[in-house]
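Here is a short walk through one structure. Keep the sequence and the 3D view side by side as you read.

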Amino acid sequence: MDAVIVGAALVRDGKLLAQQRAWPPHHAGQWELPGGRVEEGETEAFALARECHEELDVVVTIGERVGPEIPLPGGKVLRVYSAALLSPGDEPRAVEHTALRWVGHDELDDLDWLPADRDLLPALHELVSAGSE
Ligand SMILES: Nc1nc2c([nH]c(=O)n2[C@H]2C[C@H](O)[C@@H](COP(=O)(O)OP(=O)(O)OP(=O)(O)O)O2)c(=O)[nH]1
């Protein structure tokens, strides 16, 4: 099976959490959703919760799929799920990334997203708008 990369659309108070890559050099500085590769034997939800814990040092709950499946270079695919902080008072921190940012609907298009994430922007706009009602 192709490698599956899962990403978390974590929304709080009408804002989406984006993280800025530190690596590799050609993607450093670009923004992405928390997440990573689904390892053998993991469900996608388990892998995503694990990656969020590793990258953000918070516990999240995983919800519905968001947007289309996006093909990535090398035969991988990116699948995004909505996510929420188990304890809304917890503050994620950038464990492996350069920076974190809570991004509002009106700022979503301004970030220098990884190319695959750009294709998800319509779905992310919809999710963030719904979350701020
Ligand atoms: N986490 C994440 N990865 C993304 C996004 N968009 C996107 O194109 N990718 C790509 C970048 C990488 O090629 C791949 C995930 O790499 P990663 O470095 O986060 O995954 P990982 O921690 O499991 O590391 P690895 O074992 O795959 O090297 O997916 C996104 O929004 N979030």
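Begin with helix α1. It has 13 residues and runs 18 Å from its first C-alpha to its last, close to the 18 Å expected at 1.5 Å a residue. The expected span is 1.5 Å times one less than the number of residues in the helix. Helices (H or I, at least four residues) and strands (E, at least two) are DSSP runs, numbered from the N terminus.

Two notes on reading the model. It is predicted: local features need pLDDT of at least 70, side-chain atom pairs count only at pLDDT 80 or more, and totals for chains, interfaces and linings use all residues. Residues are numbered from 1 along each chain as its sequence is written.

Stay with α1. Its buried residues include A47, L48, A49, E51, C52, E55 and L56. Buried means that 20 or more other C-beta atoms lie within 10 Å of a residue's own; exposed means 12 or fewer, and partly exposed falls in between, with C-beta atoms placed from the backbone. Among the elements covering these α1 residues are β1, β2, β4, β5 and β6. After the helix comes D57, with a positive phi near 60°.

Now the core. A nonpolar core is a set of buried Ala, Val, Leu, Ile, Met, Phe, Trp, Tyr and Cys residues joined through C-beta atoms within 7 Å. The largest one holds 28 residues, and A8, A9, L10, L16, L48, Y81 and A83 touch the most other members. Two or more residues come from each of β1, β2 (15-20), α1 (44-56), β5 (60-72), β6 (76-85) and α3 (121-131). β1 gives the largest share, six residues.

Beyond its neighbours within four places in sequence, L16 is in contact (C-beta atoms, placed from the backbone, within 7 Å) with A9, L10, V11, V103, L108, L124 and V128.

L121 lies in helix α3. Is L121 buried or partly exposed? L121 counts as partly exposed because it has 14 C-beta neighbours inside 10 Å. Neighbours within four places aside, L121 is in contact with L108 and D109.

Finish at the ligand. Around it sit I5, G7, E32, L33, G35, G36, R37, L72, L78, L114, A116 and D117. A residue is near a molecule if its C-beta atom, placed from the backbone, lies within 6 Å of it. β1 (4-12), β4 (35-37) and α2 (115-118) each supply at least two residues of this shell. β4 gives the most, with three. The shell divides into six nonpolar, three polar and three charged residues. Here Ala, Val, Leu, Ile, Met, Phe, Trp, Tyr, Cys and Pro count as nonpolar, Asp, Glu, Lys and Arg as charged, and the others, Gly among them, as polar.

Technical notes. Contact = placed C-beta atoms within 7 Å.
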